[in-house]
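This briefing concerns one structure, which is shown below.

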Amino acid sequence: MHFTLEELGLVDAPAEQEFDNLTSLASELLDVPVAHVSIADFRKSRIFYKSQHGHPDELACSRELPMELTYCQHVPLTGAPVVVPDARLHSLLVGTPALSEGQPLAYLGIPIEAPGGKVIGGLCMMQPEARRWTDSEIRRAQKIAGCVSDLIRLKTAKLSSERLRREQREFTYAISHDLQSPANTLKMIFGELLFEGEAMSSDSRMFIEKGMETVQRMGVQVEDVLTYSRTVDVATKVDPVDLHSLVSGIVTDLSADVRSAGAAVAVDELPIVPGDSMQLRMLFQNLIANALKFRHSEREHKVTVSAVPVGRGHRITVQDNGIGIRPEDQKKVFGLFNRLNLRDKYAGTGIGLSLCQRVAENHHFAIEVTSDGRSGTAFSMEIAA
């Protein structure tokens with residue numbers, strides 16, 4: 001995946017501490033007054049200094065020079081180290097505009113690379129007097145230049161990941177959205193056919209009812225996918241969220257499910273936490289709905305939402321005494337579309353816990369599941385204050 005120098009933040013972008021640290025390290029290890037990371041911008045015929053140490057004020061402010069006035073141009077042009085003990089005697093510099101009165105005599109430029117191996121600039125060191133660069137000094141500079149190249153690869157990998165995730169989210173949303181219309185049309189057609197009543201055979205009616213159930217399940221799944229896609233890589237709005245009020249409201253919204261399960265739901269006093277109220281509502285609604293759904297037929301069902309202070313935050317737990325999750329299955333529950341139980345016994349699409357994990361990641365906390373596989377399940381998370 002290709003990115004421009006601008007997209008990578010290597011030109012016309014603020015300084016970054018990671019690059020500045022390596023530039024300072026090069027200056028210190030090689031005992032030179034001037035060191036910089038130079039980027040060759042051939043489109044604008046200039047050298048841009050992504051990082052700099054020891055530059056005069058004017059250059060430190062402008063952070064760029066016309067390419068022909070620099071020694072650094074020769075590193076990307078040759079694709080190799082440029083070792084200059086005395087600029088007055090070096091074949092690349094003699095008679096060029098770069099070698100003007102007052103310019104440093106000693107120069108060492110080591111290539112830095114973009115992914116794929118293309119040389120895009122150099123880690124460069126300069127000093128006023130002539131200097132013989134030792135093999136040991138060149139090796140040190142090459143190691144630091146390798147670290148600069150690794151930083152650029154990391155920036156590229158991050159941008160690639162962000163772009164792929166964005167495209168995946170947009171594709172998922174578009175496909176899911178487009179599926180809603182035919183699903184609704186099928187639902188309407190099946191509904192109209194069912195009005196035929198006695199005019200059709202019992203087998204025909206059975207097939208239509210099965211088709212209606214399938215379309216309804218498809219509609220729920222499409223809506224769940226849309227909901228999930230809205231949580232991927234979204235900007236998380238952080239505001240104070242009253243968890244007690246939020247969870248109590250969810251329990252009220254799920255009152256029909258509570259009555260159907262014959263469950264007792266207890267909500268302890270919960271704290272105010274920083275977060276996105278819409279996303280946190282999705283998380284707790286899914287956890288509580290699951291706790292109500294996976295109940296044990298042989299005991300009165302109980303669900304508890306509790307909070308315990310931990311460090312600078314709180315550990316929030318949604319606990320039930322339902323069927324539990326076997327230890328060997330606990331790593332699977334957060335997988336997208338993963339289902340551990342038969343659909344005809346427990347409805348659902350297998351997206352709910354994936355959505356919970358996504359919300360947790362957006363808020364920088366983890367969800368832990370604890371269960372012996374027989375006597376219930378607890379989902380816990382530590383939320384910073």
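The model is predicted: local features need pLDDT of at least 70, side-chain atom pairs count only at pLDDT 80 or more, and totals for chains, interfaces and linings use all residues. Residues are numbered from 1 along each chain as its sequence is written, and side-chain values use heavy atoms, without hydrogens and water.

**Strand E1**
- Strands are DSSP runs of E with at least two residues, and helices are runs of H or I with at least four, numbered from the N terminus.
- Eight of the eight residues of E1 (residues 34-41) are buried, so the strand is largely enclosed by the rest of the structure; buried means under 20% relative accessible area, exposed over 50% and partly exposed in between (1.4 Å probe, protein chains only).
- E1 runs antiparallel to E6 (residues 119-127), with six bridges, and Ile-39 stands opposite Gly-121; strands pair if DSSP finds at least two bridges between them.
- Seven bridges join E1 to the antiparallel E2 (residues 46-53), where Asp-41 stands opposite Arg-46.

**Aromatic pair**
- One aromatic pair is counted, with ring centres required to lie within 6.5 Å.
- Tyr-71 and Tyr-107 are edge-to-face (planes over 60 degrees apart), at 5.5 Å centre to centre and 90° between the planes.
- Both Tyr-71 and Tyr-107 are buried.

**Surface**
- Ile-189 lies in helix H4 (residues 135-194) and is partly exposed, with a relative accessible area of 39%.

Note on methods. Phe/Tyr/Trp six-rings, centres within 6.5 Å; stacked < 30°, edge-to-face > 60°.
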